[in-house]
Amino acid sequence: MAEAAPLPSYAAIVVAAGKGQRAGQPIPKQFVLWRGKPVVRHSVEAFLANGAVPVIVVIPPDCEALAEDALRGLDGYRLVPGGATRQESVAAGLQALRPDNPERVLIHDAARPDLQRPVIEWLLQEITDHPGAIPVLPVVDSLVIDEGRTMAGTADRDVLRRVQTPQAFRYLDILDAHASWQKEPTAGDDAQVLRASGGVVRLVKGDERLAKLTFAEDFLSAPPPVRTGTGFD
Ligand code: CTP
Ligand code: MG
């Protein structure tokens with residue numbers, strides 16, 4: 001098989017500092033076993049296997065032991081305590097990268113464990129000429145506006161896209177954008193932060209496998225874990 005083309009250098013931030021309340025698991029969902037490994041370990045391994053240096057893993061301040069256990073045996077990552085909101089956790093990850101000052105950074109939800117190389121490639125390619133790029137998918141169902149469980153109108157799905165992570169940025173552009181961001185509880189993702197500061201966000205093809213593990217049933221639908229030998233390999 002032909003060698004994969006080398007990727008440009010980049011750092012990665014995996015945000016894993018949430019509580020996973022909707023998933024209803026006994027521990028935060030990013031540490032639950034999924035396809036034989038803790039959820040967070042999948043993305044960290046994917047980034048390490050695809051050249052990210054370093055990988056910053058943002059975790060709840062009281063979950064250091066769980067995180068070290070989940071990532072045991074891996075090299076090239078650093079743990080950083082996160083904040084009360086996703087945006088605060090991302091900001092902590094961006095600050096932790098200051099000494100590294102990478103040219104590019106991919107910011108990814110730990111809760112999207114099935115990360116494949118092509119998306120990483122497309123994103124890095126797109127930020128050669130633009131400050132930001134995100135993976136998106138089309139909407140296939142009709143969309144309606146819900147007002148008190150009554151249909152109050154429709155929305156044009158042809159101009160709408162579903163947004164995933166990782167989201168890719170020129171590091172200094174997203175660092176600046178975060179610094180000037182007015183903290184709002186409704187803040188969605190980093191693409192919104194960049195765009196609010198005037199940065200162009202390009203759209204690349206997403207991947208259905210990047211669906212976010214959100215609810216308890218998302219954990220039920222995974223195939224049973226395959227465990228060979230000891231540890232997570
Ligand atoms: N996240 C984070 N810091 C927070 C909140 C969320 O790093 N304060 C991370 C989560 O760990 C997750 C990603 O952001 O990987 C997407 O968030 P979400 O799916 O909403 O996860 P949780 O906030 O943990 O789940 P819930 O909203 O159900 O509590
Ligand atoms: Mg959340």
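Two strands are taken to pair if DSSP finds at least two bridges between them. By this criterion, in the predicted model, strand β7 (residues 132-138) pairs with strand β11 (residues 167-170) in the antiparallel sense, the pairing resting on two bridges. Within this pair, Ala 133 is placed opposite Ala 168 of β11. Strand β7 is also paired with strand β12 (residues 201-205), here in the parallel sense and over five bridges. Ile 134 of this pairing faces Leu 203 in β12. A further partner is strand β10 (residues 161-163), which runs antiparallel to β7 and is joined to it by three bridges. Leu 137 has Arg 162 of β10 as its bridge partner. In a regular strand, side chains alternate between the two faces of the sheet.

Two cis peptide bonds were examined in the model. One of them links Thr 165 to Pro 166, with omega about 10°. Pro 166 is located in the loop between β10 and β11, and both of these strands are bridged to β7. Another cis bond runs from Val 53 to Pro 54, where omega is near -15°. Strand β4 spans residues 52-59 and has the highest confidence in the protein chain, at 99. Arg 35 is found in the loop that lies between β2 (33-34) and β3 (37-38).

Helix packing was considered for helix α3 (residues 86-96) and helix α5 (residues 171-180). The axes of α3 and α5 are 10 Å apart and form an angle of about 130°. Because angles over 145 degrees would be needed for a roughly antiparallel arrangement, α3 is classed as oblique to α5. The crossing of α3 past α5 is left-handed.

Ligand 1 is surrounded by 22 residues. The closest of these are Ala 17, Gly 18, Gln 21, Arg 22 and Ser 89. By residue class, the shell around ligand 1 consists of eight nonpolar, nine polar and five charged residues.

Confidence values were taken from the predictor. For the complex, ipTM is 0.99 and pTM is 0.93. The protein chain has an average pLDDT of 93, and 91% of the residues score at least 70. Among the elements of the protein chain, helix α7 (residues 216-220) has the lowest confidence, with a mean of 93. Where pLDDT is low, the predicted coordinates should not be read in detail.

Terms used:
Residues are numbered from 1 along each chain as its sequence is written. Chains are lettered from A and ligands numbered from 1 in the order in which they are written. This is a predicted model: local features need pLDDT of at least 70, side-chain atom pairs count only at pLDDT 80 or more; totals for chains, interfaces and linings use all residues. Helices (H or I, at least four residues) and strands (E, at least two) are DSSP runs, numbered from the N terminus. A residue is near a molecule or strand if its C-beta atom, placed from the backbone, lies within 6 Å of it. Ala, Val, Leu, Ile, Met, Phe, Trp, Tyr, Cys and Pro count as nonpolar, Asp, Glu, Lys and Arg as charged, and the others, Gly among them, as polar. pLDDT is the predictor's confidence in each residue, from 0 to 100. Axes are lines fitted to C-alpha atoms, for helices over the stretch in contact, and angles run from 0 to 180 degrees between N-to-C directions. Angles under 35 degrees count as roughly parallel, over 145 as roughly antiparallel, 65 to 115 as roughly perpendicular and the rest as oblique. A crossing is left-handed if the near helix is turned anticlockwise from the far one by less than a right angle, and right-handed if clockwise.
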